[in-house]
Amino acid sequence: MKRSFQINMPKVETFDRDFVVSQATEVFHDKGYNATSMQDLVDATGLNRSSIYNSFGCKLSLFIDCLEAYQNKYQKKTSNVLLDAKNPANAIELLFHMYKSDMLNDKNDRGCMITNCKSEMANHDKKITSFLNLNQKNTLEFLEDLVERGQQEKHINTNKSAKEYAMYLFSSLQGFRMTGILVQNEKQLDGIIKTILQTLI
């Protein structure tokens, strides 16, 4: 008796994965994770439910892909800011102004997707908590390095350690982005930035 053998070929995606993630990111950013339905994602991406499940595993996995894409976008924007900076202190100032510009152009008042995720889902899922912890760790290390170099170049005072100032700036950035959801007055936002930076001088 002949046995038939079936070869399982790898699944080939017939769509632009980056485009799908981009479209899904817009939905999650607008509505948050819990308020986003699978039908919302079907409508936004043009994929049917089975294609979404087959390609991304589940709604949560797709959401994490979207968070990572959003994170990567801001990492690239931050890198561009650093290229224009005169010194580490100026880099921190430009970073705040970059976020201010995004906030003023955010006509839907959505705020930061990662900060929103922290408010909605921190400690609700291990994968989300892991992503948020790693994002925070990397951001703090980045800020600490900037402050440390600024202190060495005497652009930033040494009243606090680089680690302490990094945590201060991290908290200030998150608060600043949350404030920008309701405050759309550029003069007021500039005042907040000036007050935050005065601590470092």
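**Entry 1: domains.** I began with a definition: the bounds of a domain come from an automatic or database domain assignment. I also noted that the model is predicted. For the protein chain, I found that the assignment gives domain 1 (14–69) and domain 2 (85–201). I then looked up the separation of the two and found their C-alpha centres 28 Å apart. To the contact between them, domain 1 gives 14 residues and domain 2 gives 14 residues.

**Entry 2: the second largest pocket.** I next asked which domains contribute to the lining of the second largest pocket. I found that domain 1 and domain 2 each supply at least three residues of this lining. The volume of the second largest pocket is about 370 Å³. I counted 21 residues in its lining, and I noted those closest to the centre as His 29, Tyr 70, Lys 73, Tyr 74 and Arg 110. Helix H1 (17–31), H4 and H5 each give at least two residues to the lining of this pocket. The largest share of that lining is from H1, with 6 residues. Sorted by class, the lining of the second largest pocket holds 9 charged, 6 polar and 6 nonpolar residues.

**Entry 3: the largest pocket.** I then turned to the largest pocket, for which I recorded a volume of about 520 Å³. Its lining has 24 residues, and the closest to the pocket centre are Tyr 74, Thr 78, Tyr 99, Asn 135 and Thr 139. Which helices each supply at least two residues of this lining? I listed helix H4 (59–84), helix H5 (88–104), H6, helix H7 (126–152) and H8. By class, I noted 12 nonpolar, 10 polar and 2 charged residues in the lining of the largest pocket. I marked Tyr 74 in my notes, as this residue is listed among the closest to the centre of the largest pocket and also among the closest to the centre of the second largest pocket.

**Entry 4: helices H6 and H8.** Last, I examined how helix H6 (residues 113–121) packs with helix H8 (residues 162–179). I found an angle of about 95° between them, and their axes are 10 Å apart. Angles of 65 to 115 degrees count as roughly perpendicular, and H6 and H8 are therefore roughly perpendicular to each other. On the H6 side, I found Thr 115, Asn 116 and Lys 118 in the contact, and on the H8 side Phe 170, Gln 174 and Met 178. Divided by class, this contact of H6 with H8 contains 3 polar, 2 nonpolar and 1 charged residues.

Terms used
Residues numbered from 1 in each chain as written. Predicted model: local features only at pLDDT ≥ 70, side-chain atom pairs only at ≥ 80, totals over all residues. Heavy atoms only, no water. Axes fitted to C-alpha atoms, helices over the stretch in contact; angles between N-to-C directions. Helix = DSSP H or I, 4+ residues; strand = E, 2+ residues; numbered from the N terminus. Parallel < 35°, antiparallel > 145°, perpendicular 65-115°, else oblique. Contact = heavy atoms within 4.5 Å. Nonpolar A, V, L, I, M, F, W, Y, C, P; charged D, E, K, R; others polar. 1 Å grid on protein atoms, 1.4 Å probe; cavity = no way out; pocket = protein on both sides within 12 Å on 5 of 7 lines; lining within 4 Å. Points joined across faces, edges and corners; volume = space filled by probe spheres on them.
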